[in-house]
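Colleague: I'd like to learn how to read charged pairs in a model. Can you walk me through one?

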Amino acid sequence: VPPDWPEGSQRALSVAGAALAIAGCVFAVWAGRSMGRSLTPFPKPVEAGGLVTHGPFEIVRHPIYTGGLGLFVGYSLFTSVPALVLTGALAILWAGKVRVEERHLAAVYEGYPAYQERVRRRFVPFVY
């Protein structure tokens with residue numbers, strides 16, 4: 001989808017985008033496997049699951065979203081500016097979903113507030 005990235009930067013952005021997309025996929029899969037039975041696409045935790053705080057959850061509180069954003073930002077760098085704008089919109093949507101999800105997690109798991117204090121960032125270490 002036009003507009004494309006400036007012609008002189010396309011190769012570098014493609015390489016960086018591919019690397020970021022692959023890293024995002026790997027991070028999301030690692031997070032999903034770490035969650036095991038606790039994995040759900042819905043904001044409310046599953047009854048059979050438990051609070052997961054190991055693996056990538058020691059880095060950020062929502063690593064599947066981190067991996068997904070890495071994938072989509074990488075893809076956007078590989079393709080076009082409008083794709084990056086749409087990825088920004090997706091990030092805003094997921095940030096809202098995470099707020100709802102965290103309310104549910106705090107209500108179900110009494111240790112969640114302590115986990116939030118220990119792991120301060122939702123998506124990106126040192127940023128958000």
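Predicted model: local features only at pLDDT ≥ 70, side-chain atom pairs only at ≥ 80, totals over all residues.

Colleague: What elements does the chain have, and in what order do they run from the N terminus?

Modeller: Helices (H or I, at least four residues) and strands (E, at least two) are DSSP runs, numbered from the N terminus. Here there are four helices and zero strands, in the order α-α-α-α. Of the 128 residues, 36% count as buried.

Colleague: How many salt bridges does the structure hold?

Modeller: The general idea is that side chains of opposite charge can pair when their charged atoms come close. We call it a salt bridge when a side-chain nitrogen of Lys or Arg is within 4 Å of a carboxyl oxygen of Asp or Glu. This structure has three. In one of them, R120 pairs with E117 at 3.1 Å, N to O. R120 is exposed at 52% relative accessible area, and E117 is exposed too, at 55%.

Colleague: And which residues are linked in a network of salt bridges?

Modeller: R61, E102 and R122. The side chains of R61 and E102 meet at 2.8 Å, N to O. That pair links distant parts of the chain, since R61 sits in the loop between α1 and α2 and E102 in helix α3 (residues 81-108), 41 residues apart. R122 also bridges to E102, with the closest N and O atoms 3.0 Å apart. This second pair again joins distant parts: R122 is in the segment after α4 (112-118), 20 residues from E102 in helix α3.

Colleague: Is E102 buried or exposed?

Modeller: E102 counts as buried, at 5% relative accessibility.

Colleague: What does H62 touch?

Modeller: A contact means heavy atoms within 4.5 Å. Leaving out residues up to four places away in sequence, H62 touches V98, E101, E102, L105, Y112, R122 and F123. H62 lies in the loop between α1 (10-35) and α2 (63-79), and it is buried, with a relative accessible area of 4%.

Conventions: Residues numbered from 1 in each chain as written. Heavy atoms only, no water. Buried < 20%, exposed > 50% of the residue type's maximum accessible area, 1.4 Å probe, protein only.
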